[in-house]
Each structure stands twice: as structure tokens, then as C-alpha cells.
Protein chains: 2
Amino acid sequence: MKARKLAIVGATGAVGQEILNVLEKRSFPYDELVLLASARSAGKKIHFRGTDYTVQELTKDSFHGIDLALFSAGGSISKEFGPAAVSAGTIVVDNSSAFRMDPEVPLVVPEINPEDAKKHKGILANPNCSTIIMLMAVFPIYKLYGVRRVVVSTYQAASGAGAAAMQELEEQAKAMLAGQTPPTEAFPYPLAFNVFSHNSSMYPENGYNQEEVKMVKESHKILHREDLKISPTCVRVGTFRAHAESIHLELEQSGDLDTIRKALSEFPGVQVTDNVEKNHFPMPLEVSGLDDVYVGRLRWDLGDTEKRNLQLFCCGDQLLKGAALNAVQIAEIL
Amino acid sequence: MKARKLAIVGATGAVGQEILNVLEKRSFPYDELVLLASARSAGKKIHFRGTDYTVQELTKDSFHGIDLALFSAGGSISKEFGPAAVSAGTIVVDNSSAFRMDPEVPLVVPEINPEDAKKHKGILANPNCSTIIMLMAVFPIYKLYGVRRVVVSTYQAASGAGAAAMQELEEQAKAMLAGQTPPTEAFPYPLAFNVFSHNSSMYPENGYNQEEVKMVKESHKILHREDLKISPTCVRVGTFRAHAESIHLELEQSGDLDTIRKALSEFPGVQVTDNVEKNHFPMPLEVSGLDDVYVGRLRWDLGDTEKRNLQLFCCGDQLLKGAALNAVQIAEIL
């Protein structure tokens, strides 16, 4: 689809800014661009591709004549304004969790289930960052041998909670290094020099947090496999913008490491960093700002002669493949 | 055993310093204390329990008349000087990996296998920090229901690599916050605002690092259960001195969460921090400087009606229960 008139909702946020970068980098085609944000950010100037844009206040009337809107302003904004956009004839690619589990809304990772995108009824949803990064690393192996169970522990960056959280991590680190009390507003606990269980809401009935349940349910929807067992533990660590994940897979069939490495290397959007000799594997500082998901530490369980229990570690930029890039890729396949 | 004459080998290191703190806090009985370290640190003054000590150079003649020596100066020092100490009639509690897998040397977590300590032939080994912290969280559950498989991903602090590594993390953070290149000497990559696969040597034949193999083999030895499946992934994160671990257990029998919480709360050296309502669980900043291992996030796999697949998260001070405290506890049970 050539979006004649394109809108970015939440243009001043961490993901919104990355969407602009991705559009520029990929020469995404459009004739006119409209930047929308809350009243608080309206009036801000953004210089982009040689043009000065004034951020406009998002209202239900913002979408007249807009062909495509990329929403990235949180779930409540998407719920409030997404249907208005669709009514105005706009196709919405939504980065929030608002519509992800709606059976009418395709949930798409373009390298994995592009065919689902065709079934949209006006809204397409971008999956959660941890889900995308995990599935990019797991899907090439899943296609080869099948997967029965995924046990995953995340090392999630501040960026998942937005630009203010990234700023807070920096201010906390400065305060702590100066022997002062770190400010905590974006997060419930200091993230600098710390690790804590993911700050999303908890489900008291099962002890999981929302981020973990997203990883399970969204993966089921994307893979069309509700019986896939996924055991997630989502954890924040003091990194700025790339998530890492430690993954244990129980395969349906015995596997071969060389075949797995080849499949991962050939899969679009995945890179293998698995240098045992130099102890060099995917890490947040090295993948920040990069488009692909990096996979390494590929190995069988110690003593697993059947080669059915595989371990791996992956890392991807939360703002790019985890959010902005995947959203723009969805727009590209429309 | 009342150690009349006690020696600390590696008294100026990160663990050595904590051993002194632990001895003081627990009023460990001795008549005379000798502080030993490398020639580089010899001559340093340490004020302890109202007395000024001069650190003496470690030589093979250092152990005449020493009843008990706590070694914490790395594996090569232990290998070189441990046997000399034993020849001089000294009982050695060694914090390095030098003798841990020696069948003649008991490997002891006093809350778990105190009876093994009695079989010593002069040397007792203190397990690896990640092993101790994992087993403290897992053992009470293991005793209740049996465990078939452990999948564990660690979030390990700088302190495991010594005082210089803790200092480096601080300097790296300062440099990065000032937009400068972070110094990397203690670690191969910057740890500040990063996460990387554990920096211990790799086994090219299986893709594991030494830290991970320690967690497997040491657990087998401590539990006397060589068939227990353990799938470890050891990762460094930018924290100073407490390790965290995300653990998935496949139990041999169906379990009950209230019974598990009760068993953990009643186990010496373990505390339960599992406040789902407040999203408050064990975290490095809160457990740093504390003796116990903190356990939380106790929950079954989503959809696990059999209650056989348990998830949990634990956190413990690497320098205390992970090293100095456990070593002093071993000395106490002798």
C-alpha cells in the first residue's frame, strides 16, 4: 500500500521518535505526514526529512483523509481514538496492547505470519516487544523441529516503559553514584544497579504479571498454536533500550545445531552471534540501534543425548524490532 | 571446634573483607587471628574488632600453629597453598573452585548437607555462589516433592569477579553517563547498562561456560543426585553484589503453593518475599548486605492443572551467603 497520507499518533514518545527514524531509513513512501500527540505535546516542532512539522493535538477529527495511522501512545489512547480512525477510513497499525487479543485484529510479525495481515478489518496490532524478540529467535527452530515447551527469562530494558523511564534510569544511576537517593517515578523501584520483577500489573489469581501473560497469549495467536507451553519470567534490568532473553526449548523432534545455526542465519531479521572461542554472544549494548534480533549460546542440555532440549540467548532493540520497526514492516506488507 | 588460631587467606579481597565482617557479626570464637595475602597486599593495616592487624605475605610456612584457615584468594592460590596448610595440621575451608569436585573434599551448604562436612580430610570446599543461592531456594521444595529438572537463568552481580570488578562497574557507569568510553579490564565487555553471558571460560565441546557447569556438577554433589537435570544460563548484569536467579522446576509430584511457602519460610537462611498485590519480590538492591536468600514469584505454569511445573525467583548477597557467610558457617559446624 502506498500511504498517501500518513499519521503518527504519539509522535513525541520514545517509540514515535523511532518510527520516524525507521520511516526515513527505509524510505517509507507517503505524500503527506501528520504528527499527532496529546494536547501537552501539541505545538512542538519536529524536523524530519527536510521539513518542519508542528505536532498537532490528537482528536477524533484528526483522521479525515488519513490513509494509514501508526499508533504508539499507549492502550487507552488506542482504545479511544483507534475506532474513530477506522470510521474515517484510516488503516491503523497499533503498537499498544489494546487490540492485540481481539479476534478481529491480526497480530503480526511480518517474518512469521504475514498472511494474517491480509485479514484485517481496519486495525492491525503490533505484538509486545518481548514476544516479538522471543519469536524471532524461536520461530526458525520451531519450523525445523516443532517446540513443545518454552521456558524464558527476560532481561528487559527501561525503554519498554517509555522515554521518561530511560531518563529515570540515567538520573538514578547519577544519584546513586553520588551517594544520593535515586528518584523513582516511572518505576516502583530503582532500576539502576538493580533487577526487579516486571512492573506491569499482576494477576493475583495466578501470580503472573501482564507482560508474561502477553508473551504466552500473543505467541499462541501469532503461531496459531494454543497448546504451546510457555513459562515466562519477565524481569527489568538496568539497560536502556535492548531486551535480552534466556530461552530453554523442549523440541518435538531431535535437532542438529549446525542446521539450527544455518536456519537462524538465513531467517530474515535474525543474526547469529555465537562465538564460543571469544565468549562473544548477543548483548544489549552491542545490539542497541540495530534492526535485527541476535541469537547465540546455542547448546543442548548437558547430557542430553537425544538433542531435544535446546538452550539459547537472544537480544534485540526494544524500540526497533520490539516496536517501531515491526510496526513499519506491518505497514509495508499491507 | 574452637579455632584457637585462625587465618584468613586473601584478607584484602572482596570476600576476605566480608569474612571479617561475618566473623565479627557472629562473634566467631578464636584466640588469635592472622591475615594473609599476596606479597602485593602484605604490610597493609586492617583494623578489626579493636585490634590493628598487619597483613602478612602468604607463604608455605604461614600455617605453623594455625588451626583453621579460610581461603578466599582464587583457585591457583588454593591449589598452591591449601595442601601446605593441611600438612601443617590446619583445617582449610576453601572458597575457590580448586577442590570442589575432588571426591575427598566435602562440598557443603550447612543448611543442606551438614553431615558431609564430617567426612573431611583437612579441606572443605565452599560451593560457587550461584549454586548456593539456587540450592537454598530449591532445596526446601526438593525435600517436599522431589525435582526432576531445573531450568535456571541467572542475573549475576559484579562482585562475583572481585572488588576490582565492582570498582570497574562504578567507573564504567560514570564514564558512560559522561559520554566517555567505559574502561574494561576486569570484564571483557562493559557491564554498566549492559548484560552479557558469564565471563568464565567456555567449554567448546558443549557450549557451556565454567560457571554453568559448576552449578550442575556442584548441585549433583551437594544433593548426592547425579541424575538431576539442570539447565543453567549464567549471565552478568550491572548490579554490585547480589545475584538473582529465575528458576523453573519440574517436580516429581504435584505440589501445593501454601505448603511450599511454609516450607521456604521455615527453612533456616531463607525468607519469602512474595507480595503479588504490591508487585514486591526479591531484588538485588534490597538484599545486598543481608544474610538470607530471598524467594518469591512462586507460581505454577499457566494452565498447569497438575501443579508439577513451578516457577520462582530468588536473590541473595553474593559476598555473604554466596561466599563469606557460607564459609564461616562451614567453620562453625566443624
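In the predicted model, Phe193(A) lies in the loop that connects helix H5 (163-177) and strand E10 (195-197) of chain A. The phi angle of Phe193(A) is near 55°, a positive value in a residue other than glycine. Most residues other than glycine have a negative phi. Phe193(A) counts as buried because 26 C-beta neighbours fall inside 10 Å, where the threshold for burial is 20 or more.

A positive phi is also found in chain B, at Lys307(B), where the angle is about 55° although the residue is not a glycine. Lys307(B) is placed in the loop between E17 and E18 of chain B. With 16 C-beta neighbours inside 10 Å, Lys307(B) is classed as partly exposed, since that class lies between the limit of 12 or fewer for exposed residues and that of 20 or more for buried ones.

Strand E17 (residues 293-300) of chain B runs antiparallel to E18(B), and six bridges join the two. Within this pairing, Val295(B) stands opposite Cys314(B) of E18(B). Strand E15 (residues 242-251) of chain B likewise pairs with E18(B) in the antiparallel sense, over nine bridges. Here Ile247(B) has Leu312(B) of E18(B) as its bridge partner.

Strand E18 (residues 309-317) of chain B is mostly covered, with nine of its nine residues buried. In a regular strand the side chains alternate between the two faces of the sheet. Both faces of E18(B) are covered. On one side Asn309(B), Gln311(B), Phe313(B), Cys315(B) and Asp317(B) are buried, and on the other Leu310(B), Leu312(B), Cys314(B) and Gly316(B) are buried. Leu312(B), the bridge partner of Ile247(B), and Cys314(B), which Val295(B) faces, both belong to the latter group.

In chain A, strand E15 (residues 242-251) is mostly covered, nine of its 10 residues being buried. Strand E9 (residues 147-155) of chain A is joined to E15(A) by eight bridges and runs antiparallel to it. Tyr155(A) stands opposite Ala244(A) of E15(A) in this arrangement. Nine bridges join E15(A) to strand E18 (residues 309-317) of chain A, again in the antiparallel sense. The bridge partner of Glu250(A) in E18(A) is Asn309(A).

Among the helices, H2 (residues 75-87) of chain A comprises 13 residues and spans 18 Å from its first C-alpha to its last, close to the 18 Å expected at 1.5 Å a residue. Just after H2(A), Gly89(A) adopts a positive phi of about 90°.

Lys25(B) lies 229 residues from Ser254(B) in sequence and 41 Å from it in space, C-alpha to C-alpha. Tyr142(B), by contrast, is found in helix H4 (residues 129-145) of chain B and counts as buried because 21 C-beta neighbours lie inside 10 Å. A separation of 9.7 Å is computed between the C-alpha atoms of Tyr142(B) and Leu223(B), which are 81 residues apart along the chain.

The two chains meet in a contact that takes 48 residues from chain B and 48 residues from chain A. On the side of chain B that touches chain A, the largest share, four residues, comes from helix H5 (residues 163-177) of chain B. The residues on this side of chain B divide into 26 nonpolar, 15 polar and seven charged. Chain B is superposed on chain A by a rotation of 180° with 0.0 Å of shift along its axis, at an RMSD of 0.0 Å. This is the relation of a two-fold axis. Because 100% of the interface residues of chain B are also interface residues in chain A, the copies meet through the same surface.

Technical notes:
Residues numbered from 1 in each chain as written. Chains lettered and ligands numbered in written order. Predicted model: local features only at pLDDT ≥ 70, side-chain atom pairs only at ≥ 80, totals over all residues. Contact = placed C-beta atoms within 7 Å. Nonpolar A, V, L, I, M, F, W, Y, C, P; charged D, E, K, R; others polar. Least-squares fit on C-alpha atoms with pLDDT ≥ 70 in both. Expected span 1.5 Å × (residues − 1). Pairing = 2+ DSSP bridges.
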